Amino acid sequence: MASHIVGYPRMGPKRELKFALESFWDGKSSADDLKKVSADLRSSIWRQMADAGIKYIPSNTFSYYDQVLDTTAILGAVPPRYGWTGGEIRFDTYFSMARGNASVPAMEMTKWFDTNYHFIVPELGPDVKFSYASHKAVDEYKEAKALGVDTVPVLVGPVSYLLLSKPAKGVEKSFSLLSLLDKILPIYKEVVAELKAAGASWIQFDEPTLVKDLESHQLQTFTSAYSQLESSLSGLNVLVETYFADIPAEAFKTLTSLKGVTGFGFDLVRGTKTLDLIKRGFPSGKYLFAGVVDGRNIWANDAAASLSILQSLEGIVGKDKVVVSTSCSLLHTAVDLVNETKLDKELKSWLAFAAQKVVEVNALAKALDGQKDEVDLFMHFLYLKNDRITLAGNARGRGGEGTRYVVAFFSANAAAQASRKSSPRVTNEAVQKAAAALKGSDHRRATNVSARLDAQQKKLNLPILPTTTIGSFPQTMDLRRVRREFKAKKVSEDDYVKAIKQEINKVVKLQEELDIDVLVHGEPERNDMVEYFGEQLSGFAFTVNGWVQSYGSRCVKPPIIFGDVSRPKPMTVFWSSMAQSMTARPMKGMLTGPVTILNWSFVRNDQPRFETCYQIALAIKDEVEDLEKAGINVIQIDEAALKGGITNCGVADTTQIHTHMCYSNFNDIIHSIIDMDADVITIENSRSDEKLLSVFREGVKYGAGIGPGVYDIHSPRIPSTEEIADRVNKMLQVLETNILWVNPDCGLKTRKYTEVKPALQNMVAATKLIRTQL
Ligand code: GLN
Ligand code: ZN
């Protein structure tokens, strides 16, 4: 049985590509340096897959920035404002589209399906002159071939490319993106012809949009596209790959009837119903690429479970037609567990990053060939030299060098699965019970919001149009250093507390001078709004190199939630009450909500997501109640639970719960916001006024306080008093004076004091001016 990998992370095990890119962008290294680092990364990935025994190894899954932008480059669909005049697209044009340049802003970026990866959205209009302007796919195929690796070149499929595009400015209403199909197919044909000439025997088209709910004319476009490509594709094996969800029945029918296609790839991890579709009918003689190894998380595969799925598929499509694969590109998982020096061995045995997943895919394929018992696998990807002891029980060393082990893969895998199931580190009965006991009534506060706001106002005595900020204040180099040194135990706890206290005091005094009404402590003790809480909750683990690409050179290092979540002790009460003791004004407690924590973490796969979410919510709820007990009367929960306000249902009417969100698409989530039952909602707004109008109206009906950001903190620009007053006046045309709050868009952590001080000064001045006019 054969093995296949949909795609692989580009960043490198230690983010080599990130550093090479940023150094090139800063003018510190040459284009050749960047190309060299990239070629080395590609060749090591290809070799690694070839060594592991993978049959279908992808190429052109590397990218200097983004695979959709690469496709835009292939098609020569450069928006005119970048001044490209034809020929092969080079770094300057490519990176200008990605990041903007001195005179032109970047193209829009948006989330890649429901992942945390972002792609560059193609902008297409009726006048785009497509031309074959990037030979990257062919170059990479040849590059691998020269290294002795015959790869499967991967292209973003033509229909998904169009469906993921947006109409260029000015043609929004009148224009159908799919009408461009006939114009882009000739370029695809050129690429295919070159790949064929270079010796490719397979080609992979990624068409993930097939998992969306498409209309029939959109599905017809797939049929039409592949019929038109059929003759060019003859002589090639063609894989159309889907991922991220179940494929709807109609789309499945369309897909499996496509002309000229030899194999179909499915995500069988998120797509559990797809299995039924396959069972009901799969075209005979075609290949099924079965994505059983999860590309989106960091958990070791349950090999026994995967084997039984694969065996049942063999029964349907035939033994030589099932190919073991990943559920999607491994781009969405961390790179290599080998570099995790801080995780303990037990936890590591439960995990598999991209490099380990490659080994898993191969092991499953070998096992299906009936070699399960005798096939011992080289597990040098999985284990480090110093892990020798763990493996002693089931490893039979070969090669003597110490870096290579032959392990009975399946017994090791089964042992790890069993230890994960029974570990007391994973299961905490008290937490399970508390989460199970959560009733509907726990999700809302007993009194309605208007009555609560009245009770709070009696206690807080705030002026009309109260001013506040979202939480963080500028993080100076000194601050980052003291935090780092404390973590490294180079600074004593006493000295650390002193330093942070001093910082909080500075921030409190500044806000008093500025005459802000509801203060914050500035979050100087936090490096990251999720990590800070994860580190204090049990059930979380942190990696040192578990980076995942977010966009371009930016990566995130999500915490791993491996066990039931509980809060051993209060997390923020110490700092918040210290800050409150410094001022007579109300001090906002500052927490991160459970959905944000969940969405920014690798979540366990052995219980439903919502259960993990409830557990985090209960931990945050305990924190809210402890803050209340400590005399904190205003508490903000950043991007709090979208489904029900579990976190804040236990507080007194007089305790004011704020929630802050920095989404831009509120229309979708307004009802969830209302369900959260907060007293005041502060939201990012400065970039999208009109869109928020409907939200405001809902808010009015609902009665909560609303603080739409009055200026953009993402820009160094200092807004004038008039400009802010103008914004507030506009908001007052829609909102009642008694519910409007005045605050910036988001936290001030990335700004400098020289920007923050005058901006806040103007914000307060604008507010005072309007108060006098009311
Ligand atoms: N309280 C956080 C801060 O001010 C909120 C950050 C966010 O919404 N992204 O930094
Ligand atoms: Zn924000």
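Predicted model: local features only at pLDDT ≥ 70, side-chain atom pairs only at ≥ 80, totals over all residues.
Take Ser179 to begin with. It has 12 C-beta neighbours inside 10 Å, so Ser179 counts as exposed. Where is Ser179? In the loop that runs between β7 (166–167) and α7 (181–198).

Next, the overall layout. The chain splits into two domains. Domain 1 is built from 1–55, 266–380 and 407–423. Domain 2 takes 452–524 and 571–773. Their C-alpha centres are 41 Å apart.

Now to ligand 1. Which residues surround it? Among them are Ile470, Gly471, Ser472, Glu523, Asp638, Cys662, Cys746 and Lys749. Sort the shell by class and you get 5 nonpolar, 4 polar and 3 charged residues.

Some of these names come up again in a database record. An unreviewed UniProt entry carries the annotation "binding site" for Ile470, Gly471, Ser472, Glu523 and Asp638. They spread over 169 residues of sequence, yet they cluster in space, with a largest C-alpha distance of 12.9 Å.

Let's zoom in on two of the five. Ser472 sits in the loop between α17 (449–460) and α18 (477–487). Is Ser472 buried or exposed? Count the other C-beta atoms within 10 Å: there are 22, so Ser472 is buried. Beyond its neighbours within four places in sequence, Ser472 contacts Gly522, Glu523, Gly747, Leu748 and Lys749.

Setting aside residues within four places in sequence, Glu523 is in contact with Gly471, Ser472 and Met590.

Last stop: Cys662. The unreviewed UniProt entry gives this residue a "binding site" annotation too. Find Cys662 in the loop between β22 (656–661) and α24 (670–675). Why does Cys662 count as partly exposed? Because it has 18 C-beta neighbours inside 10 Å, and that falls between the 12 and 20 cut-offs. Leaving out residues up to four places away in sequence, Cys662 touches Glu684 and Cys746. Cys746 is also in the shell around ligand 1.

Notes. Residues numbered from 1 in each chain as written. Chains lettered and ligands numbered in written order. Near = placed C-beta within 6 Å. Nonpolar A, V, L, I, M, F, W, Y, C, P; charged D, E, K, R; others polar. Domains from an automatic or database assignment. Helix = DSSP H or I, 4+ residues; strand = E, 2+ residues; numbered from the N terminus. UniProt positions renumbered as here; feature names shortened; annotations may be inferred. Contact = placed C-beta atoms within 7 Å.
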